[in-house]
Amino acid sequence: MKAGRKQWIGLAVLVLPVLLISVDLHVLSYALPFISASLAPSGSQLLWIIDIYPFMLAGLLLPMGTLGDRVGRRRLLMAGAAAFGTASAVAAFSPSADLLIVTRALLGVGGATLMPSTLSLIRNMFHDDGQRRVAIAIWTGAFAGGAMLGPLMGGALLEHFWWGSVFLVNLPVMALLLILAPLLLPESRDPRPGRFDLLGVALSLGAILPTIYGIQHIAQDGLGWAPVLAIVAGLTLGAAFVRHQRSMADPMLDVRLFGSRAFTASIGANTLGVFAMVGSSLFTTQYLQMVMGARPLIAGLYALPSAGMAMFAAGLAPVLVRKVRPGLVVCAGLLVGASGFMLLSRLDVTGQSGLLIAGIMLMAGGVTLVLTVSSDLIIATAPPERAGSVAGLSQVATEFGGALGISLLGSIGAAVYRGHLGETGAPSAALDTLGGALESARHLPEPAATSLAAAAREAFTQGQHYAMVAAATALCVMAVLAPVMLRAVRQAKGTSAPPQDQHAGRHAMR
């Protein structure tokens with residue numbers, strides 16, 4: 001049965017939290033220099049300010065998706081909106097880096113209720129395959145809309161207000177969602193939900209947080225017992241989580257889903273695409289403001305071409321998969337994204353704005369094409385009553401990919417930055433972040449100030465070069481694998497996956 005006018009208006013409501021989360025991510029990126037100057041976080045604290053939000057999302061998306069199946073997806077969406085708004089208000093007035101990390105963690109808890117709820121509601125509102133693909137393309141395009149609105153809004157706010165104002169933009173959006181959701185969105189839930197898996201929740205968080213902590217601190221401080229033990233503990237708990245899920249009659253994450261090569265390839269492409277795109281934003285925003293010297297509002301304007309390209313790619317995806325096999329579309333998107341990262345790897349301290357715009361346009365367009373196709377392939381495996389679980393898994397891939405992108409690419413950049421700047425004899429306060437180095441330079445006499453600032457900018461661009469090459473390499477590897485793993489998935493003429501893949505996915509969800 002095809003969706004009617006109410007369902008399409010309801011989709012506009014579901015786009016609001018997606019738009020908000022994208023805005024929140026991009027706004028924070030542009031606020032980092034101001035947070036660095038105001039709260040003086042260490043390099044590790046700065047990474048945690050950025051990372052703790054997507055880490056909590058990644059750890060809680062699966063249980064929240066399962067919870068939505070039990071208590072109702074609309075109800076969970078509204079509870080999450082209220083929690084997200086409250087945490088945003090507290091974060092805006094954080095007086096210290098540690099408190100901002102805590103409030104960002106609370107934002108992650110609230111945000112974890114929003115994303116699986118929106119995608120699972122789409123699965124239950126749009127049963128026609130063609131309409132669902134269009135709805136998911138719009139849903140994916142909302143991220144591009146946030147990429148466009150976030151920098152502009154953040155730039156305007158940061159021109160006139162303190163950094164905390166970027167969190168307050170969440171409040172009116174959440175208020176609008178709370179008003180419209182009961183009027184336009186249907187309630188849906190699993191009529192026969194299983195037992196809520198508290199042990200699985202604890203194990204998933206225990207696997208994610210120590211692992212990322214260890215990766216960060218090895219890049220920050222070098223090899224040591226504490227970060228190595230943290231990684232070992234995280235991997236051990238991850239193995240325990242997998243074993244626990246295998247033993248459950250009604251698991252939070254049914255690992256048998258990964259028996260489908262098409263499903264595994266879709267998850268992998270989704271994760272790597274977000275890994276590269278979100279990780280790169282950590283560098284491009286700082287490059288614009290602290291290397292090129294652009295004011296926040298001007299830096300926001302640089303995002304317009306890439307956001308427009310991403311929205312175009314999201315709309316193009318449903319058209320392409322009707323004419324070309326999805327595996328080839330995913331491959332092409334990954335290669336286009338990789339070419340953008342290679343252009344970004346060539347940026348230097350001279351401020352090459354044309355190269356920057358071309359690079360982020362190719363990156364955004366290619367990755368958005370991949371995300372749109374892979375999101376549809378993932379959610380198409382879910383029976384309507386279990387859509388929350390698979391939607392949660394899809395968003396785990398998205399958010400965990402973003403978290404790892406920031407952590408791993410950020411760690412590569414930080415290690416190279418520290419190595420190059422350390423060779424110049426720079427003071428220790430300048431070795432953590434580029435923002436810290438520029439702040440240290442302001443307190444030095446000339447010509448030492450100019451020399452330190454120039455050396456820090458050069459070291460930053462060197463770190464950016466290696467991080468962008470790493471991102472391009474990851475996308476190229478996945479581009480080789482995607483057509484092979486997705487070769488059984490036919491071009492979309494009535495179904496999103498071949499019968500055997502849909503059967504495997506549905507059987508695994510039982």
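Why does W162 count as partly exposed? In this predicted model, W162 has a relative accessibility of 37% and is therefore classed as partly exposed.

**View 1. Nonpolar surface patch formed by F93, F161 and W162.** These residues together make a patch of about 360 Å². W162 is placed in the loop that links α5 (129–160) with α6 (165–168).

**View 2. Helix α7, residues 170–184.** The helix consists of 15 residues, and the distance from its first C-alpha to its last is 21 Å. This span is close to the 21 Å expected at 1.5 Å a residue. The buried residues of α7 are N170, M174, L177 and A181. An α-helix has 3.6 residues a turn, so residues three or four places apart point the same way.

**View 3. Surroundings of F167 in the largest nonpolar core.** This core comprises 126 residues, of which F167, F341 and L421 touch the most other members. When residues up to four places away in sequence are left out, F167 touches D24, L28, S88, A91, A92, L100, R104 and L107.

**View 4. Cis peptide bond between E446 and P447.** The omega angle of this bond is about 0°. P447 is situated in the loop between α16 (434–441) and α17 (448–485).

Key: Residues are numbered from 1 along each chain as its sequence is written. This is a predicted model: local features need pLDDT of at least 70, side-chain atom pairs count only at pLDDT 80 or more; totals for chains, interfaces and linings use all residues. Side-chain values use heavy atoms; hydrogens and water are left out. Patches are made of residues with over 30% relative accessible area and no salt bridge: like charges are joined within 9 Å, nonpolar side chains (Val, Leu, Ile, Met, Phe, Trp, Tyr) within 5 Å. Accessible areas come from the Shrake-Rupley method with a 1.4 Å probe; for residues, only the protein chains shown count as cover. A salt bridge is a side-chain nitrogen of Lys or Arg within 4 Å of a carboxyl oxygen of Asp or Glu. Helices (H or I, at least four residues) and strands (E, at least two) are DSSP runs, numbered from the N terminus. Buried means under 20% relative accessible area, exposed over 50%, partly exposed in between (1.4 Å probe, protein chains only). The expected span of a helix is 1.5 Å times one less than its number of residues. A nonpolar core is a set of buried Ala, Val, Leu, Ile, Met, Phe, Trp, Tyr and Cys residues joined through side-chain atoms within 4.5 Å. Contact means heavy atoms within 4.5 Å.
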